[in-house]
Structure formats: C-alpha cells, structure tokens
Amino acid sequence: MANHMQFGFQDASSPIMEELVEFHDHALMTALAICSLVLYLLTMMLTEKLSSSTVNAQEIELVWTILPAVVLIMLALPSLQILYMMDEVNEPDLTLKAIGHQWYWSYEYTDFKDLTFDSYMTPTADLPLGHFRLLEVDHRVVVPMESLVRVIVTADDVLHSWAVPSLGVKTDAIPGRLNQTSFTATRPGVFYGQCSEICGANHSFMPIVVESAPLTDFENWSSLLSS
C-alpha cells in the first residue's frame with residue numbers, strides 16, 4: 001500500500017512486478033549515465049579550447065553513431081522479455097473473470113459452479129476501523145498464494161481498466177471483447193487497485209481489492225461462499 005510520502009513503486013508482490021521494478025531501475029541508471037555524459041561534454045566544450053583535430057575526429061563520429069544504438073538495444077531486450085512474460089499464460093491454476101460496470105466490478109470464478117459476486121466500494125459511514133477510505137470493498141477477490149491466476153477482463157457498458165499496481169497488472173475492460181492477463185501472488189496480503197480508465201462520474205469510486213491467502217484458506221472461503 002502506497003503512502004503519501006512515497007515516490008517509488010509499491011512493494012512488488014508478483015514476479016512480473018519485480019521484473020518491472022528492476023527494468024525501471026535499469027532504465028533510470030541508463031538515463032543517468034546519458035545525462036552525466038552530456039553534462040561532461042557540455043562542461044568540456046565551455047571550458048576547453050576546441051581544436052580542428054578534435055572537431056573532425058572520425059573516432060568521435062563513430063562513437064556518437066554506435067553508442068545510441070547500443071543504448072537502445074540495452075533498453076529493448078529486457079523490455080521485450082518482460083512484454084512476452086506478461087503476455088504468456090500457461091496452464092493457469094485458477095481463472096477469474098472480472099466484468100466492469102458503472103460503477104462496480106463483478107467477478108466470476110469459472111472453475112467453480114456457482115461462485116460469482118459483485119464488488120462495491122464500502123461507503124465511508126460503513127467503513128471498519130483501520131480500513132482505507134475509497135479503497136475498501138464489500139467483497140474482496142480472494143486468490144490462492146503462489147498460484148498462477150488468469151484474469152479475463154471485459155466490461156458491460158463503457159471502457160474500464162482492471163489495475164492492481166503491486167501485482168503488476170493493468171488490463172483494459174472493453175465491452176464485447178475479452179482481454180486476459182495473469183499474475184502470481186508471491187506472499188499473503190491484501191493488494192489494492194482502482195479502475196484506471198475514466199468511465200464516468202463515479203470513476204474514482206470503483207476500487208479493486210485482491211486478497212492473497214494460503215490454499216487451505218482459499219478452499220475454505222470458496223466452499224463457504226458457494227454454499
């Protein structure tokens with residue numbers, strides 16, 4: 001859960017989010033190196049006297065031609081790797097269908113016979129002590145920890161977006177179309193997200209809460225809810 005003084009990402013709770021954080025740090029250090037090099041060259045040009053041998057040096061022209069290509073490759077290769085990892089869904093342990101409405105989410109556990117529910121934001125007046133305002137819901141999405149969960153996302157009316165930052169998940173919900181994503185929660189906990197597509201007047205009031213629990217607790221919860 002992010003706090004008001006936090007400038008970085010939320011703590012990664014899935015392998016994909018860990019890869020995204022590492023790529024962010026990698027890209028940031030690359031940008032820092034480029035800025036340092038440009039600053040050094042500007043300082044040298046302003047303080048040193050240029051000579052014709054320096055200006056016409058073919059070695060320098062070769063360097064400033066090859067160096068940008070090397071930098072782009074250093075950024076492209078890990079980026080493509082993460083994109084393929086995010087798009088690949090092999091034999092999920094659980095399939096969850098999320099349907100966006102104005103302004104709440106409906107969930108269907110397709111591996112179970114009758115396990116569906118609507119998830120509304122908890123009003124401030126009914127909020128239990130210690131819970132987060134505008135982020136808590138009346139029915140949380142519960143998933144088993146360390147299991148591959150496939151999420152099929154769609155919408156019933158307008159565009160929505162199902163996003164949980166700490167899990168590295170953000171998928172558009174489009175009426176008449178099924179999009180899919182996946183995640184694996186590596187630790188137990190409660191992870192908060194929100195609709196990330198402007199969908200109308202109450203766009204800010206359709207949060208997403210995913211609770212990761214051990215498999216035995218998930219089985220008890222599912223049997224209790226479907227009974």
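Helices and strands are runs assigned by DSSP and numbered from the N terminus. The structure in these views is a predicted model.

**View 1. The patch consists of L37, Y40, L41, M44, L62, V63, I66, L67, V70 and M74, which together have about 870 Å² of accessible area. Two elements, α1 (15–47) and α3 (58–87), each give two or more residues to the patch. M44, a member of the nonpolar patch.** This residue, M44, lies in helix α1. M44 has a relative accessible area of 34%.

**View 2. The largest nonpolar core.** In soluble globular proteins, nonpolar side chains tend to be buried together. The largest nonpolar core of this model has 30 residues, of which W105, Y107, Y109, W162, L167, F183 and V210 touch the most other members. Two or more residues of the core come from each of the strands β1 (94–101), β2 (104–109), β4 (141–144), β5 (148–155), β6 (160–164), β7 (169–173), β9 (189–195) and β10 (207–213). The greatest contribution, four residues, is made by β5.

**View 3. The second largest pocket.** This pocket has a volume of about 250 Å³. Its lining comprises 14 residues, and Q10, P165, Y192, G193 and Q194 are the closest to the pocket centre. Strands β6, β7 and β9 each give two or more residues to the lining. Of the elements, β9 gives the most, with three residues.

Conventions:
Residues numbered from 1 in each chain as written. Predicted model: local features only at pLDDT ≥ 70, side-chain atom pairs only at ≥ 80, totals over all residues. Heavy atoms only, no water. Patch = residues over 30% accessible without salt bridge, like charges linked within 9 Å, V, L, I, M, F, W, Y side chains within 5 Å. Areas by Shrake-Rupley, 256 points an atom, 1.4 Å probe, with all protein chains shown as cover. Salt bridge = Lys/Arg side-chain N within 4 Å of Asp/Glu carboxyl O. Buried < 20%, exposed > 50% of the residue type's maximum accessible area, 1.4 Å probe, protein only. Core = buried A, V, L, I, M, F, W, Y, C linked by side-chain atoms within 4.5 Å. 1 Å grid on protein atoms, 1.4 Å probe; cavity = no way out; pocket = protein on both sides within 12 Å on 5 of 7 lines; lining within 4 Å. Points joined across faces, edges and corners; volume = space filled by probe spheres on them.
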